[in-house]
Amino acid sequence: MLLPILFIGIATTAVFDLWGLIVAKALGLPVQNWKMPGRWFAHIGRGRLRHDSMAGADEVPGEQALGWLCHYLVGICFAAFTVFVGGPAWLAVPTLPLPLIVGIVTVGLGWFVMGPCMGGGIAASKAANPTLARALSLAAHVVFGLALWVFALIWASFAA
């Protein structure tokens, strides 16, 4: 099960990133910077989970690379969760509801764990435009769910 999980997780996370890049360019917004999440993950390893502002937290060598690595590892974990919940039967004939639900539910980790712990407030409440931030985050996670399904279908077509 490791190979399909890696394929689905990496490909799906890449689509998530591509979606974010397209939306940022289309709306004139900055592209996602994985430096701050990398800093956050590094500080977790040092025993500190919550910050008032990640920009004010001590810099960590390699935080940009760590952010990218953790981002893709999280994507792989979500793919693993989807595959394990769906089981071999789902992986052989992927259906849309499970990955779409996983994609939508994963937005909660950003809204209620990562964002607040990084100083962004619950559900991006401290963002310059919380409604826009929430809408873009939800849309990206729906795209993630759709991509989980599409890459599971691709895997299934080659595995058959």
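Predicted model: local features only at pLDDT ≥ 70, side-chain atom pairs only at ≥ 80, totals over all residues.

Student: Okay, what covers the buried residues of α1?

Tutor: The cover includes α3 (63-92) and α5 (130-159).

Student: And which residues in α1 are buried?

Tutor: Among them are Pro4, Ile5, Ile8, Gly9, Thr12, Phe16 and Val23. Asp17 is also on the buried list.

Student: How far does α1 reach from its first C-alpha to its last?

Tutor: α1 spans 37 Å with its 26 residues, close to the 38 Å expected at 1.5 Å a residue. Just after α1 comes Gly28, with a positive phi of about 70 degrees.

Student: Switching to the surface: which residues form the nonpolar patch?

Tutor: That patch is made by Leu2, Leu3, Leu6 and Ile10, and together they have about 380 Å² of accessible area. Leu6 belongs to helix α1, residues 2-27.

Student: Why does Leu6 count as partly exposed?

Tutor: Because its relative accessible area is 31%, and partly exposed runs between under 20% for buried and over 50% for exposed.

Student: New topic, loops. Where is Ala123?

Tutor: Ala123 sits in the loop between α4 (97-117) and α5. Its phi is near 50 degrees, a positive value in a residue other than glycine.

Student: Is Ala123 buried or exposed?

Tutor: Buried, because its relative accessibility is 10% and the cut-off is under 20%.

Student: What about phi of Ala124?

Tutor: Positive as well, near 60 degrees, and Ala124 is in the loop between α4 and α5.

Definitions and conventions:
Residues numbered from 1 in each chain as written. Heavy atoms only, no water. Patch = residues over 30% accessible without salt bridge, like charges linked within 9 Å, V, L, I, M, F, W, Y side chains within 5 Å. Areas by Shrake-Rupley, 256 points an atom, 1.4 Å probe, with all protein chains shown as cover. Salt bridge = Lys/Arg side-chain N within 4 Å of Asp/Glu carboxyl O. Helix = DSSP H or I, 4+ residues; strand = E, 2+ residues; numbered from the N terminus. Buried < 20%, exposed > 50% of the residue type's maximum accessible area, 1.4 Å probe, protein only. Expected span 1.5 Å × (residues − 1). Contact = heavy atoms within 4.5 Å.
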